[in-house]
Amino acid sequence: MTGAPLVVVLGEAADPPPGIEAAEDSVRLRYAGDAEQLAASGPEAEAVYVWDGGRERLVAAWPNLERLRWVQTASAGVDGLLFRDLVASDVVVTNARGVFDEPIAEWVIGMLLAFSTDTLTTLSLQRESRWEHRETRRLAGSRLVVVGPGPIGRAAARRARALGMQVSAVGRTAREDADLGQVSAIERLHEVLASADHVLNALPLAPGTAGLFDAAAFAAIPASATFVNVGRGATVDEPALIEALRTGGIAAAALDVFAQEPLPPESPLWSLPNVVVSPHMCGDHVGWEREVVAIFVDNAGRWARGEPLRNLVDTRLGFGVG
């Protein structure tokens, strides 16, 4: 399409994102399998679609991206994409927010049900052919504290309320919310954690969130409570979490994200009996790739027509704002 805006797709032309051909009604697509190919397209590229690869390629090619005005990423989180020059620039960044919220929320509820019904113990006893009757707990009436009241936390809160759970949240500012109930300011984190039966960490990695769940935070959580992390691994002090799990500081944890990924084989988290290790896949439902690409295709049309883009990211805050 002569004269149409050029979007460089970070990925291989031999293995294109599913459904991306629809974008060619609005923009020209060119593939860059590495930083050199991206830099070669720099003088023409008005936009970059980050499908495979990310920050390293953009950093290396940045001096050549003279006309770059928009970056779309195939992920919901942007902490792995942002770098100083991009944040300081006028380049618009958009993400894939909305594709993963509901599937992640379903996974969260699945983990809470597994813990309340003591399913981990049941499976362990089954492998030993042991019949051991036990009493379990109800989710109804228990209290879920959501730390990170964004779209994922909100989706999980709605499902928790449908099961009869009490929900409250911790965010940047205090407010009342229809889905999340009372949202307390981050300064009250430990006070609110002390009331939890279950804690959901749905925080992005952004200024002020790194290591927020430290030894003091885990000490504030009741020993009978469970911890679920679907935010970012670096928001948790992993040694402090391991210590809390080993010593009974908290009852159990379901973890989909980690400080280092893949989780190293030597990590104690693999072998702790009260931990579920999930390989950063809780939102990756069947068909997610096409849904992610559909957001790019829609935004490509908007970009070509000069219309507002979906899923804008505040690059200074490090998460979506619209």
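**View 1. The crossing of helices H4 and H6 is right-handed.** Everything here comes from a predicted model, where local features need pLDDT of at least 70, side-chain atom pairs count only at pLDDT 80 or more, and totals for chains, interfaces and linings use all residues. Residues are numbered from 1 along each chain as its sequence is written, and side-chain values use heavy atoms, with hydrogens and water left out. The axes of H4 (residues 101-116) and H6 (residues 151-162) come within 8 Å and cross at roughly 50°. (Axes are lines fitted to C-alpha atoms, for helices over the stretch in contact, and angles run from 0 to 180 degrees between N-to-C directions.) H4 and H6 are therefore oblique to each other; under 35 degrees counts as roughly parallel, over 145 as roughly antiparallel, 65 to 115 as roughly perpendicular, and the rest as oblique.

**View 2. Here are the residues where H4 meets H6.** From H4 come Asp101, Glu102, Ile104, Ala105, Glu106, Val108 and Ile109, and from H6 Pro151, Ile152, Ala155, Ala156, Arg158, Arg159 and Ala160. Contact means heavy atoms within 4.5 Å. Sorted by type, the contact of H4 with H6 has nine nonpolar residues, no polar ones and five charged ones. (Nonpolar covers Ala, Val, Leu, Ile, Met, Phe, Trp, Tyr, Cys and Pro; charged covers Asp, Glu, Lys and Arg; the others, Gly among them, are polar.)

**View 3. Five strands line up as an open sheet with parallel pairing.** Their order is E2-E1-E3-E4-E5. Helices (H or I, at least four residues) and strands (E, at least two) are DSSP runs, numbered from the N terminus, and two strands pair if DSSP finds at least two bridges between them. From one strand to the next, the twist averages 20°. Zoom in on E4 (residues 70-73) and you'll find it paired with E5 in the parallel sense over three bridges, with glutamine 72 opposite threonine 94 in E5. Helix H10 (residues 288-305) packs on this sheet, touching E1 (6-10), E2, E3 (47-50), E4 and E5. The direction of H10 makes about 165° with that of E4.

**View 4. The eight-strand open sheet has mixed pairing.** Read across, the order is E8-E9-E7-E6-E10-E11-E12-E13. E8 (175-177) and E13 (275-277) are the edge strands, each pairing on one side only. Again, the twist averages 20° from one strand to the next. E10 (residues 198-201) and E11 (residues 226-229) pair in the parallel sense over four bridges, and leucine 200 has valine 228 in E11 as its bridge partner. H4 turns up here too: this helix packs on the sheet and touches E6 (143-147), E10, E11, E12 (252-255) and E13. Its direction makes about 155° with that of E12.

View 5. Most residues other than glycine have a negative phi, and most peptide bonds are trans.

Note on methods: Left-handed = near helix turned anticlockwise from the far one by under 90°.
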